[in-house]
Structures are given as C-alpha cells and as structure tokens.
Amino acid sequence: MVETLDIKVHKIGESKLENMDMNNIQFGKNYSDHMFIADYRDGEWSSFRIVPYGDLSLSPACTTLHYGQTIFEGLKAYKNVDGEVVVFRPDANARRMNVSAERMCIPELPEDIFLTGMRELIKLDHDWVPDQPNTSLYIRPFVFATDPFIGIRPADNFLFIIITSPVGAYYSEPVKVKVEEHYTRAVAGGTGYAKTAANYAAALYPAVQAQKDGYHQLIWTDGKDHKYIEESGTMNIMFVINDTLITAPIGDTILDGITRDSVITLAKDAGMNVEIRPISVEEVIGAIKKGELQEAFGCGTAATIAQIKSIGHDGIDYELPDTATRKYSNSFLQQLDDIKLGRVADPHNWIFKV
Ligand SMILES: *Cc1c(COP(=O)(O)O)cnc(C)c1O
C-alpha cells in the first residue's frame, strides 16, 4: 500500500465531539469532524485532502442529481479490546467499489487511495470511534459524477469522498418480512450487483407498501418469475434447513455481501453443510410447514445478522422458530463480534489495523 499518498490536511478549528452524546447515538445523524476527498479530472485521481466535514457546492446541472451516476460503500471501524481502532475487511469494500464503478461508467479508484484515505481520516478522527458494546464508526465512501452538463453521457469529472458517522448499539429486533411477488429489485443484465443509488431509490416504494401492511422489510424474488429468493431488504438472506446453510449464489441480481462471504467462511470452517444454490419460495414455505426450517436471517454490515421472525406469503404469516434457539446464526454473530473486537484469533486476516 502507498503510505506516501500525498494528502493535504486542513483540520477543523474546534472539534464537534464535545457536543456529541456517545451514550445516546442516533443513526446517521452525526458525522465526525473531517472528510476525505479526491477529485477525478483530466483522466486521473488527484488533490487528495482531508478537510472539515461540511456542505458541498455543486452545479444544479450536476450529472448525479439528474441521472444517478454514483456508487457507494459501507463498512465499520471498531475499538477492540486493546483500545486499537480496527476496520473489518476494507480491502473487500475497495475491490467491490470498483465492480460497481465499472457497471456505472465511473473510473476505477486505485485501492490504495481508498485504503490510505480511509486510514488517515480515521487516524485523525479516532476519538469518534465509540467504545461502548455494539457501537462502531460507520464509514461511507462514495463516488459521484459532477459534470455541470445535463446531456446524457458518462461524466468526465467525479468526486470520491469518505465520511464517517458514529453508530449506536444496533438493537436488531427480529423482523417480519413479506415475500414480494409483484415489484422487482433487480433483473438479469441490470444493476442489482452494484451499490448504486437507483437500486435503493427504486426499492423505497415497494417497501413503503409492505410497511403499511405491518411488515418491516421485503424478501426480494427474481424479477422474471418471482419464484426464487434473492435478498431481504438491503441484506443478503440465508436459511438453515435440516442443519444445512442455504443461500442464493451471487450473480448480476444479487449484491456480493462481505458479511455473506464471512458467514459462509465461518460455516465451512465449522464443518457445517453449506449449499450455495437457488432457493425457491416454495422450498422455504414447504420447509416451514414440515418444521424443517430452523433459521432465517439477513446479513449485512449494518446489523451483521438480522433475525427474521416471520415470513408473509399469499396472505399467511408463517412464524419461524424462536430466535433464542437459533444456534448457527447466533454463533456466527458471536464469532464475528469476537474477531472484530480482538477477543479471538483472526485466521482469515479480516482485521485491518488503523
Ligand atoms: C450492502 C448490501 C448488502 C450487504 O453487503 P455487506 O458487504 O455485507 O454489508 C447486501 N445487499 C445489498 C443490496 C446491499 O446494498
């Protein structure tokens, strides 16, 4: 890694940390003192800088505002048991951002810029990494097109920015989900595998409809026949049926989650039977009826593991086994927490020390 990335640092006059109640953190409301910025112009990334967090000035004709040529990532920094600041698998996020970039005609961002920019930003704002149980510093890197031009074509100018936000204990209440068989999140040949704004904007309306009916989230099914299960909300989804972990394969309609990959790795390490294959709604409902479905959960950076307590399908809400009895997912969550906090060894080199 280039430790020598030339980053100009303009520090904030007075830290905002004193105004921040670290014992009562509200998600997404507070941002740390600084942000990292790089410009893409004349065909290259330049002007690396860390500046006080603050508003941007953009042309009203800015490409992103009209056509959504933008991508993002999401990851977390933790304070481990030795008081060190660590980040979970940021190299995987840096790689994935370039997968999204290619699909959206956004120039590749060298992984060094992502990782060194992130490291220097977090070093400077390390006091913003909370240390209460289950808290972390959420890291949001993103790239967006800034051309002041309303013609439709890939832009020539972009900004890469990293902002960070302390996040509180995530009370992941088990969720009630509904199988979505009308609206579609992603189609073959589309952008479902990219972390790009349009996917999330398009998912708002169907989610709001389901919320009116008392569900927290949707289970997205394939866009062609609505037969196969793809994701849940903005998480990957997994099932345990007859002691086998089952999850859909990554493709162009499913986002390649880093939590998903980590859970699969831990399951295989433990010698668990893992099947990565299409799983149909019919199979899941059949397994519930036969009493063979032991666990169902979403996985993603926000909650790590989000337990699913019931699944709505064809007007029936199927109750799933009590979350306290779910030995596999509870163990994955515990192991991931232990690795992040340095309570156990890190056999897969997932921890990046800031
Ligand atoms: C970010 C995201 C995930 C989870 O990815 P992680 O790397 O585990 O956080 C899953 N599905 C969608 C649609 C996402 O945007």
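This is a predicted model: local features need pLDDT of at least 70, side-chain atom pairs count only at pLDDT 80 or more; totals for chains, interfaces and linings use all residues.

Mentor: Residues are numbered from 1 along each chain as its sequence is written, and side-chain values use heavy atoms, with hydrogens and water left out.

Trainee: Okay, into which domains is the chain divided?
Mentor: The bounds here come from an automatic or database domain assignment. By that assignment, the chain is divided into domain 1 (8-167) and domain 2 (175-340).

Trainee: And how many residues does each domain give to the contact?
Mentor: The centres of the two domains, taken over C-alpha atoms, are 28 Å apart. Contact means heavy atoms within 4.5 Å. On that basis, the contact takes 22 residues from domain 1 and 20 residues from domain 2.

Trainee: What area do domain 1 and domain 2 bury between them?
Mentor: The size of an interface is often given as the accessible area lost when the parts come together. Buried area is just that loss, found with a 1.4 Å probe and summed over both parts. Of the area here, 60% is on carbon and sulfur atoms, and the total for domain 1 and domain 2 is about 1,700 Å².

Trainee: Which residues form the salt bridge across that interface?
Mentor: A salt bridge is a side-chain nitrogen of Lys or Arg within 4 Å of a carboxyl oxygen of Asp or Glu. The rule finds one across the interface of domain 1 and domain 2. Its closest N and O atoms are 2.9 Å apart, and the partners are R89 and D261.

Trainee: Which element gives the largest share of the side of domain 1 that touches domain 2?
Mentor: Helices (H or I, at least four residues) and strands (E, at least two) are DSSP runs, numbered from the N terminus. Those giving two or more residues to that side of domain 1 are β4 (70-72), β5 (75-79), β6 (85-88) and α2 (90-103). The largest share, six residues, comes from α2.

Trainee: Is R96 buried or exposed?
Mentor: R96 sits in helix α2. Leaving aside neighbours within four places in sequence, R96 is in contact with E73, G74, K195, L255, D256, G257 and I258. Buried means under 20% relative accessible area, exposed over 50%, and partly exposed in between (1.4 Å probe, protein chains only). R96 has 10% relative accessibility, so it counts as buried.

Trainee: How many salt bridges does the rule count?
Mentor: One of them joins R277 and E275, at 2.7 Å from N to O. R277 is partly exposed at 24% relative accessible area, and E275 is partly exposed at 30%. By this rule the count comes to 17.

Trainee: How many residues apart in sequence are the parts that D317 and K176 tie together?
Mentor: The side chains of D317 and K176 meet in a salt bridge, 3.7 Å from N to O. D317 lies in strand β17 (residues 316-319) and K176 in strand β9 (residues 175-180), so the pair ties together parts whose separation in sequence is 141 residues.

Trainee: Which residues are linked with D39 in a network of salt bridges?
Mentor: D39 pairs with R41, the closest N and O atoms being 2.7 Å apart. D39 counts as buried at 9% relative accessibility, whereas R41 counts as partly exposed at 38%. The residues linked with D39 in the network are R41 and R49.

Trainee: In which strand is I37 found?
Mentor: I37 is buried, with a relative accessible area of 6%. Leaving aside neighbours within four places in sequence, its contacts include S47, F48 and L159. I37 is found in strand β2 (residues 34-41).

Trainee: Last one: what is the phi of N134?
Mentor: N134 lies in the loop between α3 (111-124) and β7 (136-145). N134 is exposed, with a relative accessible area of 54%. Although N134 is not a glycine, its phi is positive, at about 65°.

Key:
Buried area is the accessible area (1.4 Å probe) that two parts lose on being put together, summed over both.
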